[in-house]
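Student: I should like to work through a structure by question and answer. Could we begin with confidence and then turn to the interface and the fold?

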Amino acid sequence: MFRFIVRRLLQMIPILFGITVITFIIINAAGSPLQQMEFNPRVKPEDIARIRHNLGLDEPLWKRYFIWVGNVLQGDLGLSLINFRPVTERIREVMFNTLLLSSISITLSLLIAVPLGIYSATHRNGRIDRISSLFAVAGYAIPTVWLGLLLILLFSVQFSKWGLPSLPVGGVRDLRDDGGLGDRIEHLILPITALVLPQVATWLFYIRSNMLEVLQQDYIRAARAKGLRNKTVLYGHGLRNVLIPLVTLFGLLIPDIFAGALVVENVFAYPGMGRLAITAIGDKDHTLVMGITLMFAVLVIVGNLIADVLYAVVDPRIRLD
Amino acid sequence: MIPEDKALSATTDPFVGDKAEQDSVLIDYEGLGRSRPIESNWHRAWRRFKANRVALIALLVTIAIVLFAILAPVVSYITGYTYYENHLGEKLAAPGQDGYILGSDGNGRDVLTRLAYGGRVSLLVAGLAVISLLLLGGLIGSVAGYFGGWVDTLLMRAADVLLSIPTLVLLILVSSFYRPDPWELAVLIALVSWAGISRLVRGEVISLKHREFVDASRVIGASNSRIILRHLLPNVVPILIVWASLAVPSLILTEATLSYLGLGVQAPQPSWGNMLQEAKQFVRQSWSFVFIPGLMIFITSLCTYLVGLGLRDALDPRLNN
């Protein structure tokens with residue numbers, strides 16, 4: 001297992017290298033950060049030249065790239081252009097919130113989708129199956145933004161108008177009294193619902209169709225023929241085989257899950273990496289935007305690594321070394 | 001019954017034998033005992049699609065929405081409002097109030113008229129993005145699959161890199177310094193998300209390129225570009241159609257999300273996404289203003305998705321017979 005993980009980590013190096021190249025190219029296509037000064041008649045040209053030299057902007061592009069990558073490798077993502085605090089520090093403050101949001105939503109949506117998908121497949125064309133298929137199609141097509149706004153509209157705005165207990169519109173905790181765990185959970189309910197519903201829809205679709213395919217296989221008939229209990233057949237033989245494509249899907253969905261978190265954070269003013277990214281763009285804080293892009297990419301890669309390890313766990317035919 | 005030896009001799013060695021022999025092959029082919037003319041693939045697909053009532057209704061609704069957007073000036077004429085004209089005395093009118101059929105927005109602009117014009121942007125971006133993705137992804141995928149070797153390695157590693165950064169994050173990175181118009185936005189989306197479709201095309205091309213008909217055309221001196229364009233790509237078309245029709249809903253959602261985050265089309269030009277963004281601040285005052293643009297996005301992505309699913313079922317070669 002250890003050797004496998006090390007090998008996968010080594011395979012990530014070229015991908016990470018590519019990510020830094022792309023980020024660097026895109027951000028340099030934005031033009032020089034000194035552009036505004038150049039158009040300012042009060043700034044002397046020799047001052048601009050001095051600043052450019054001090055910032056290293058007079059170096060050729062490839063050299064600047066290697067200087068930057070060298071710093072990134074040492075864990076230095078530069079200073080935020082807005083308040084000159086280290087980018088790593090600003091990201092670290094909010095990263096936990098994003099990870100919390102995404103991990104809870106993944107767990108919850110799997111807990112809902114796996115049993116429901118299996119039930120739909122075994123009771124094909126039954127009432128539950130039809131409802132859940134309808135739900136799967138609708139959940140794929142619904143805009144996350146709108147879903148979030150509808151939840152706010154119903155559970156925050158209308159509930160408080162009707163005098164029912166309402167949920168907070170956004171944020172991560174009540175600002176008046178620094179509430180405890182209950183308050184934190186209250187603030188998580190709506191964002192997580194907005195993330196979970198579309199995710200459940202996606203999982204449901206795949207679990208159901210894969211389960212239907214698996215149930216037609218010979219080994220299921222063999223398992224039934226030798227008189228195994230229905231539960232053993234479904235969960236021991238059926239689900240085990242459905243898990244394999246599911247893990248592949250998990251790896252593919254990771255970027256979508258983080259993108260979803262990004263959107264939801266902005267709808268609910270939830271202080272996470274996605275919210276920070278949009279704020280940073282508004283501030284034209286290029287170093288921070290670059291740092292967040294890199295962090296998102298690293299999170300996706302780590303997620304894929306987890307998926308690879310899980311792959312070997314659920315499928316004993318895959319040998320790790 | 002099937003004159004296999006004759007057919008074989010006719011195809012492998014067309015210059016041997018006289019004309020009568022070749023004619024007899026043709027005659028034999030006609031005389032295979034078919035009771036009706038062979039149905040072309042496209043006819044069969046259309047017959048299957050027509051039988052799927054849900055997909056047919058979804059197609060009609062999609063056409064209606066496209067017409068609604070194309071005929072935006074007519075909508076504007078009927079409602080008597082333009083999409084940019086403010087009526088500051090009549091802000092946030094409820095649907096039906098003061099002659100605003102679907103209400104008015106925070107600047108007193110008619111929501112129905114803005115929906116029609118906003119639909120132009122959303123549909124234009126999604127449509128153009130799908131076309132540019134097909135061109136770009138089709139080209140990259142077929143070149144990588146056909147030539148193999150280092151070209152393949154290079155292009156597919158680039159695809160890996162793109163897949164490990166969430167598309168939304170990349171788009172945000174680009175829009176942090178660049179405000180695209182709808183055409184540029186579509187090209188941008190294509191530039192950052194060609195990885196998935198190109199992998200699909202590559203896989204198909206690899207499975208096709210060692211078939212006899214490719215060898216045959218190479219033997220008679222066809223160039224690489226002719227083989228790719230005339231022999232390989234037409235075989236990938238059904239898969240491309242299914243992929244494209246399933247990509248449209250997600251592109252509509254992507255555009256809406258970008259506009260919602262303030263990174264797409266800029267006000268006063270409406271798009272469904274930036275209407276939602278504007279509506280968010282009035283979530284306590286007007287439910288209809290939040291509800292309607294999102295519903296429009298939802299219906300459009302839902303219908304295009306259902307059409308896509310219908311097309312997939314109609315074109316899926318595994319379901320033949």
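Student: What is the mean pLDDT of chain B?

Tutor: This is a predicted model, and confidence in it can be summarised for each chain. In chain B, 79% of the residues reach a pLDDT of 70 or more. The mean pLDDT of chain B is 78.

Student: In which helix of chain B is confidence lowest?

Tutor: The highest mean, 89, belongs to helix α4 (residues 53-70) of chain B. Over residues 1-29 of chain B the pLDDT is below 50, and beyond near neighbours in sequence this stretch has ten contacts in the model. Where pLDDT is low, the predicted coordinates should not be read in detail. At a mean of 39, the lowest confidence in chain B is that of helix α1 (residues 4-12).

Student: Which element gives the most residues to the side of chain B that touches chain A?

Tutor: The contact involves 34 residues of chain B and 34 residues of chain A. Elements of chain B that contribute two or more residues are α7 (149-163), α8 (167-175), α12 (224-260), α13 (272-280) and α14 (287-315). By class, this side of chain B has 24 nonpolar, six polar and four charged residues. With nine residues, the element that gives the most is α14(B).

Student: What radius of gyration does chain A have?

Tutor: The secondary structure of chain A comprises twelve helices and zero strands. Along the principal axes, its C-alpha atoms fill a box of roughly 85 × 60 × 35 Å. A compact globule of 321 residues would have a radius of gyration near 20 Å, whereas the value for chain A is 25 Å.

Notes. Residues are numbered from 1 along each chain as its sequence is written. Chains are lettered from A and ligands numbered from 1 in the order in which they are written. This is a predicted model: local features need pLDDT of at least 70, side-chain atom pairs count only at pLDDT 80 or more; totals for chains, interfaces and linings use all residues. pLDDT is the predictor's confidence in each residue, from 0 to 100. Helices (H or I, at least four residues) and strands (E, at least two) are DSSP runs, numbered from the N terminus. Two residues are in contact if their C-beta atoms, placed from the backbone, lie within 7 Å. Ala, Val, Leu, Ile, Met, Phe, Trp, Tyr, Cys and Pro count as nonpolar, Asp, Glu, Lys and Arg as charged, and the others, Gly among them, as polar. The radius of gyration is taken over C-alpha atoms; the globule rule is 2.2 Å times the number of residues to the power 0.38.
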